[in-house]
Protein chains: 2
Amino acid sequence: MQKTSLKLRAEKKSIGFVPTMGALHAGHQSLMKKARDANDVVVVSIFVNPTQFGPGEDFEKYPRTLNEDLAKCGAVGVDIVFNPEAGSMYAPDQSTFVEVLKLTDNLCGMSRPGHFRGVATVVCKLLNIVQPTRAYFGLKDYQQLQVIKRMARDLFIPADIVPVEIFREPDGLAMSSRNRYLSPEERTDALVLKEALDLFRERVKKGERNAITLIKEMMELIVEVPSTEIDYVSIVDANTLEDVAMIEGRVVAALAVKVGNTRLIDNTIVGV
Amino acid sequence: MQKTSLKLRAEKKSIGFVPTMGALHAGHQSLMKKARDANDVVVVSIFVNPTQFGPGEDFEKYPRTLNEDLAKCGAVGVDIVFNPEAGSMYAPDQSTFVEVLKLTDNLCGMSRPGHFRGVATVVCKLLNIVQPTRAYFGLKDYQQLQVIKRMARDLFIPADIVPVEIFREPDGLAMSSRNRYLSPEERTDALVLKEALDLFRERVKKGERNAITLIKEMMELIVEVPSTEIDYVSIVDANTLEDVAMIEGRVVAALAVKVGNTRLIDNTIVGV
């Protein structure tokens, strides 16, 4: 893959890259289309990265759907699918890790220790292998996007990190590979994440500026759904990801909620 | 620098890179000559990297000799000297670090906590900026070389890491920017580092295989010189850098000794 990429770049071809863990859906395809529009060559990686899963998380049962994934890549004109083995991404004596501090202290970084170290490390590897001109990341994983932007900037990785809007089902549920874990009842219950974020936007629009009040209102809405268990409901500065007391400047309302056994995340950005 | 490098690589020019902290000497120049022989373009960086110095170490007083350095680069045909400001290498909110575990537990990693994190991070940045085909590192900093080789391999950095033999003064002292800290008496005393390594080689040649015995003999030689203070005298596996009990396979005798206030390192590799 790296040889191919270096050859393409030497031929002055631009490369658009969409790193994924497979189990592709229309959200991933929206990233691929953005990549297709702006680059000569589109590369998608499919790699379920073991180092970003903690003990007790869903690494083993994470959906692997390679044939469907390849069809979905083909449908939007992807040129290359890179699907490495774990053993070729991680040597037996692998010992190098990329850490992004501070940005990873809050939100998912707090509830998934080591997760972002795994993400930063594998994305650093993938960017070095694929040598993209532009790499595309969805805004649903807002903290991940910020971590990767920071890493690319700090390490002078010569790729543009391009954020892509959250892609939602018609009823508002943010697309996620993990949505397929949901039972029909849980699928309905999961709408409360988006409803909480809509409530947040509405209340901010009407003038509410107190973060604690807004968090409380979102939480009250979510706990009404018995199948849910809140991991966090936070309002953070859009750049530093630190909790804010008041809504001012660009802030993100971000939440992680278990619906049944499935942990889902969603977020929305407001600027006031 | 990165723009220049990407342009050169797109023109299919090979880049040989020698990262330095300045205070250049003939040892650095031997690396530059190797780079000159094998590449179209030779880049030398001069950057005294703050993050690899611990509290109480010699960051402030580390010799800065830019004019002499430029002359030395010119004398061996260096094309580009990259001399960034600390502020352009580290953003005020820099938060990304590259860590190489295990390899950094022993030797200088033990006596200089955080040192190799600083080294790995800055070398990762520099390799991304300079985009070399080949990067040259001296074997005097044996552990540093191993850490960088491991990092480049693990992160798939597309540069060959080329080791270069230790360059010594005629009397055997390994060249180091820190040698200029030595008083004339200390300069003589410092020869004991090389003498200890010579003793080690001689004793191994004659059949001694017990690492503890060899370490003891080296230490006894060094402590005879009153101005010295031993940081470590170790015999380690050349690949894993773990202490060995017996001399077998490729091993490195490595030592760090303060002579007066100046901490010096040296090493030698044997294969049996």
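## A tour from sheet to domains to helix

Start by selecting G16(A): in this predicted model, G16(A) sits opposite V42(A) of β2(A). Now widen the selection to the two strands, β1 (residues 15-20) and β2 (residues 41-46) of chain A, which pair in the parallel sense over 6 bridges.

Next, bring in the rest of the sheet. Five strands of chain A make up an open sheet with parallel pairing, in the order β3-β2-β1-β5-β6. Look to β3 (80-82) and β6 (160-164) of chain A for the edges, as each pairs on one side only. On average, neighbouring strands here are turned by 25 degrees against each other, direction ignored.

Zoom out and colour chain A by domain: domain 1 covers 2-164 and domain 2 covers 177-271. Their C-alpha centres lie 25 Å apart, and the contact takes 13 residues from domain 1 and 15 residues from domain 2. On the domain 1 side, select α5 (108-111) and α7 (142-154) of chain A, the elements giving two or more residues. The most comes from α7(A), with 3 residues. That side divides into 7 nonpolar, 5 polar and 1 charged.

Finally, hop over to chain B and pick helix α2 (residues 26-38), whose 13 residues reach 19 Å from first C-alpha to last, close to the 18 Å expected. Highlight its buried residues, among them L31(B), M32(B) and A35(B). Their cover includes β1 (15-20), β2 (41-46) and α3 (66-75) of chain B.

How values were computed. Residues are numbered from 1 along each chain as its sequence is written. Chains are lettered from A and ligands numbered from 1 in the order in which they are written. This is a predicted model: local features need pLDDT of at least 70, side-chain atom pairs count only at pLDDT 80 or more; totals for chains, interfaces and linings use all residues. Helices (H or I, at least four residues) and strands (E, at least two) are DSSP runs, numbered from the N terminus. The expected span of a helix is 1.5 Å times one less than its number of residues. A residue is buried if 20 or more other C-beta atoms lie within 10 Å of its own, exposed if 12 or fewer, and partly exposed in between; C-beta atoms are placed from the backbone. Two residues are in contact if their C-beta atoms, placed from the backbone, lie within 7 Å. Domain bounds come from an automatic or database domain assignment. Ala, Val, Leu, Ile, Met, Phe, Trp, Tyr, Cys and Pro count as nonpolar, Asp, Glu, Lys and Arg as charged, and the others, Gly among them, as polar. Two strands pair if DSSP finds at least two bridges between them. Axes are lines fitted to C-alpha atoms, for helices over the stretch in contact, and angles run from 0 to 180 degrees between N-to-C directions.
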